[in-house]
Amino acid sequence: MQIPELSLEELTAFDIRPEDEGPHAYDPDEASWNESWFWDFFDASGQLAGHCRIGMLPAQRRAWLWFFLYHDGEWVAVEEPRLPLSEFQLPRLAYQGWGLEFSWDPSEPLLCGRFHFQGFGRVLSGPRAGQVQAVGADLEVRAMAAPHSTGRGEVAGHSSKVFDSCRFEQPIALSGELTIGDGTLRFEGRGERDHSWGPRPYNMEWTFVVANGDGLRFQCTDVRIPGLDPIKVGYLHREKIESLSDVHFNFVYDDNSPLEPVSGDLRFETEAGERSAFRIEVISGAEIDLTHSLIPPRRTTYRRALVRVHPEDGGDALLGWCEFHRPA
């Protein structure tokens, strides 16, 4: 896997700055204010993968963490939506206590860093379903392109009139070790990370697909917020990153199947007019608990699936993730 050398000028092409790695000022009167860091990853076989989100809700004085690890048909999930924010080590993003620890240490902001996680999770699928097993990750993370953003303070539904708000997505390469139960697995693969800060009401519908392969990476999103036009954004990366101007998902969702929750195809167009189309094939998926972040709390369908993404033109398939939230 070739990992490009990236200059500071290239890394900041979308107005994301090195200081944006850390936490930002927040609106204390905005209960939904969220600042989150996210990493997903998969190996070349598509049989070892995972994703982690660390989200701070400072006006609610709590943090929301999840860590999902997948290996050969088995999902192990850690979900901690009510961690006391006062126990976090800030501005370093770290926590340790009661059998759970994690940290993000960007050694070179926007370019590389180390992600660490250790905890105990419930097995969701496979022969050990229902058991509690140890899970962990110790991964070096390196950028494969600049962090992509649609602009500071311009994220529809997430913007603030007074405080800085923004988000970015970035394709990454990862290497290190993963642990499941008593086993340690060497890991080398690809993935995506994001960082967002601003208001985050969850009474919206969204779908996105992200994929990362040799010579081609993309992320595409369709967000539906009541009272606003659909938001269709993302990027396509080959030698450089291009923003998308249109995204369309032709998906069928199966609410009764967390392991195979979605099927269908997608297409998008860049601002330069280049069009691409793909079919997704689900490897496996799992449901994420969002009940506690809705007002009033209620069940919705929030899922993430590891997928193969097949180009319509018959090229090599990419690996990636599909995530969607569909309010009841």
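Colleague: Which residues does Glu323 touch, leaving out those up to four places away in sequence?
Modeller: In this predicted model, Glu323 touches Trp206, Thr207, Phe208, Tyr302, Arg303 and Arg304. Each of those counts as a contact because heavy atoms come within 4.5 Å.

Colleague: What makes the pairing of Glu323 and Trp206 a polar contact?
Modeller: The two side chains are joined at 2.9 Å. The cut-off for a pair of N or O atoms is 3.5 Å, with one able to donate a hydrogen and the other to accept it, and this pair is listed as a polar contact. Glu323 also makes a polar contact with Arg304, side chain to side chain, at 2.8 Å.

Colleague: Why is Glu323 called buried?
Modeller: Its relative accessibility is 5%. Buried means under 20%, so Glu323 counts as buried. As for its place, Glu323 sits in strand E18, which covers residues 318-326.

Colleague: What does Phe102 touch, residues up to four places away in sequence aside?
Modeller: Its contacts are Ile54, Leu65, Leu83, Phe88, Leu93, Ala94, Tyr95, His116 and Phe117. Gln118 is 16 residues from Phe102 in sequence, with a C-alpha to C-alpha distance of 6.3 Å.

Colleague: Now the whole chain. How many helices and strands are there?
Modeller: The chain has 1 helix and 18 strands.

Colleague: What share of the residues is buried?
Modeller: Of the 328 residues, 56% are buried. The accessible surface comes to about 14,400 Å², and 47% of that belongs to carbon and sulfur atoms.

Colleague: What share of the contacts joins residues at least 24 apart in sequence?
Modeller: Taking contacts between residues at least 6 apart in sequence, 56% join residues at least 24 apart.

Colleague: And the charges: how many positive and negative side chains are there, and how far apart are the centres of the two sets?
Modeller: There are 31 positive and 52 negative side chains, and the centres of the two sets lie 4 Å apart.

Terms used: Residues numbered from 1 in each chain as written. Predicted model: local features only at pLDDT ≥ 70, side-chain atom pairs only at ≥ 80, totals over all residues. Heavy atoms only, no water. Helix = DSSP H or I, 4+ residues; strand = E, 2+ residues; numbered from the N terminus. Buried < 20%, exposed > 50% of the residue type's maximum accessible area, 1.4 Å probe, protein only. Areas by Shrake-Rupley, 256 points an atom, 1.4 Å probe, with all protein chains shown as cover. Lys, Arg positive; Asp, Glu negative; His and termini not counted. Charge placed at Lys NZ, Arg CZ, Asp CG, Glu CD.
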